[in-house]
Amino acid sequence: MLSRQILQKITIRCFANDAIRKGLIGMVGRTPLVRINKLSDETGCEILAKAEFCNGGGSVKDRAALFLIKDAEEKRLIRPGGTIVEGTAGNTGIGLAHMCLALRYKCVIYMPNNQSQEKIDMLKTLGADVRPVPVVPWDDPDNYNHQARRFAESVENAVWTNQFDNTANKKAHIETTGPEIWEETRGKVNAVVFGTGTGGTLAGVGTYLKDKNPNVQVFLADPEGSVLFNYIKHGKLERTPGSSITEGIGQGRVTKNLAGAPIDDALAIKDKDAVEMTFRLLHEEGFFVGASTGLNVSAAAQVAKLMGPGHTIVTCLCDTGQRYYAKLFSRSVLQERGLLDCIPESYRSSLH
Ligand code: PMP
């Protein structure tokens, strides 16, 4: 009974259409849809982006985090005061930790032990019990995701939210991000393009918009070293060369969230283009964002070229540059990776 009450409160807060957002949970969704001005003027297309860093936990993953918890409550897998367990190295963990504080759950995060100290420190500050474990591939039983599942199974009143294969993640975007884009553009949207980690954003938004208008084109933007570009183009799970500076996107398999998504085409985006766009967004538009956002917007500019002027293309600004300050905004890191040259000299003032 109690869990039903909590669920209803979340639903009301999530969709309340009033100006006052009720607590942190009320700050998930209904993010601004912003026009990327200079790029839109240059391409003759409307390049629009959902500012997902405006969500309460600061990233695109807050919507999924809330829906994964809602799903566990709905299925009565967790009762008040229980423990949310997830395998995550990034934004999903940060999102879950925020939601857990607001909803009074405990939060346990398993992550590979090669992650930055900043991420570990931030999760700890957010009250999560962080468990770094050795880096092993998905098919090894000791992979951090499997450890998360086993731990949740071994503890009373705990649930493994399973962001990759629990389609409550995609549902978040079918029920919130997709409808928001449709309403905010008044149905005038020709294409969407997103980089993909779990696939929740792309599959959810794509599914909703295609249902509204089958002519909306859905593009997957893939970073270096991921298999999804080749999967969409040639049906093969073959990695493209390189290993990307972007975080949170790129995949080695087809997750349940991505499977069956209505994708029209894929674009392989080089790090040099993603990083160049990250710095253009900062210096030309004033958006301090991470590299997956640079990749998204770079891909949107490519889609604009493919489609020609007069089209409306929507993507998202996933999170802020603050989360990657040590790496993405470091002169030496960019130099080591051969990425310094793609940033115009006059924009290098933001490097440390
Ligand atoms: N950008 C960043 C920074 C992310 O952390 C994620 C999620 N891993 C994404 C983009 C992609 O989101 P999704 O998991 O919905 O594919």
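This is a predicted model: local features need pLDDT of at least 70, side-chain atom pairs count only at pLDDT 80 or more; totals for chains, interfaces and linings use all residues.
In total, 18 residues surround the ligand. Gly 197, Thr 198, Thr 201, Gly 248 and Ser 292 are the closest of them. Sorted by class, the shell is made up of 12 polar residues, three nonpolar ones and three charged ones.

Next comes the way the two domains sit against each other. The protein is divided into domain 1 and domain 2, and their C-alpha centres lie 24 Å apart. Where they meet, 19 residues of domain 1 are in contact with 12 residues of domain 2. On the side of domain 1 that touches domain 2, helices α7 (168–184) and α8 (200–212) each supply at least two residues. The most comes from α7, which gives three residues to that side. As for its make-up, this side of domain 1 has nine polar, six nonpolar and four charged residues.

Strand β4 (residues 106–112) pairs with strand β5 (residues 129–133) in the parallel sense, and the pairing runs over five bridges. Within this pair, Ile 109 stands opposite Val 130 in β5. Helix α5 (residues 117–125) belongs here too: together with β4 and β5, helix α5 makes a right-handed β-α-β unit.

Definitions and conventions: Residues are numbered from 1 along each chain as its sequence is written. A residue is near a molecule or strand if its C-beta atom, placed from the backbone, lies within 6 Å of it. Ala, Val, Leu, Ile, Met, Phe, Trp, Tyr, Cys and Pro count as nonpolar, Asp, Glu, Lys and Arg as charged, and the others, Gly among them, as polar. Two strands pair if DSSP finds at least two bridges between them. Helices (H or I, at least four residues) and strands (E, at least two) are DSSP runs, numbered from the N terminus. A crossover is right-handed if, with the strands pointing away from the viewer, the path from the first strand over the helix to the second runs clockwise. Domain bounds come from an automatic or database domain assignment. Two residues are in contact if their C-beta atoms, placed from the backbone, lie within 7 Å.
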